[in-house]
Amino acid sequence: EGTEIELGASANWRIAPKDELSAFLTLGHAQRVHGIAGDATDDIEFAVGLRHAMTPRLSWEALASAYHSTTGYNALYLDEGTNSDAWTRWSLLGILDYRMTDRDRLTLNLERYIRSGIGNNDYQGCTVALWYTRSF
């Protein structure tokens, strides 16, 4: 229970016949009302990326993003208890996207991130994801 508001904006610019620059900004506010989730949280996320089409079916994208939250609580990390410190997450993401057919797509994501500002719980890591998508 509670109230959540999110406002986002994104833009894409074609900077060359095979290259596209993109950026997005998201602002959020959440007021939660139960237990450790009772604090208000304000979030801001910004990212900028470059996409390059190597062929009509194969492309890569590089994305840099920053995310800042005013409290330690968020839905993914409930084990942080009552931590109310603000925290920041920096991320670099590489994407390789292969459109096998008009309906089938294979995407590989590689991410490196650093999360800091939450007391002794700062950490860094890597994420690897391979997705197969089929459009109906």
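Is Tyr-113 buried or exposed, and what is its relative accessible area? In this predicted model, Tyr-113 turns out to be buried, with a relative accessible area of 15%. That puts the residue under the 20% cut-off for buried.

Tyr-113 also has an aromatic partner. Its ring and that of Tyr-123 have centres 6.3 Å apart and planes at 90°, so the two make an edge-to-face pair. Tyr-113 belongs to strand 6 (residues 104–116) and Tyr-123 to strand 7 (residues 123–134), so to speak of the pair is to speak of a link between distant parts of the chain, 10 residues apart. Tyr-123 itself counts as partly exposed, at 29% relative accessibility.

A search of the whole structure turns up 2 aromatic pairs. Besides the tyrosine pair, there is one between Tyr-67 and Trp-87, which is tilted, with 5.2 Å from centre to centre and 35° between the planes. Here strand 4 (residues 58–69) supplies Tyr-67 and strand 5 (residues 87–99) supplies Trp-87, so the pair ties together parts that are 20 residues apart in sequence.

Technical notes: Residues numbered from 1 in each chain as written. Predicted model: local features only at pLDDT ≥ 70, side-chain atom pairs only at ≥ 80, totals over all residues. Heavy atoms only, no water. Phe/Tyr/Trp six-rings, centres within 6.5 Å; stacked < 30°, edge-to-face > 60°. Helix = DSSP H or I, 4+ residues; strand = E, 2+ residues; numbered from the N terminus. Buried < 20%, exposed > 50% of the residue type's maximum accessible area, 1.4 Å probe, protein only.
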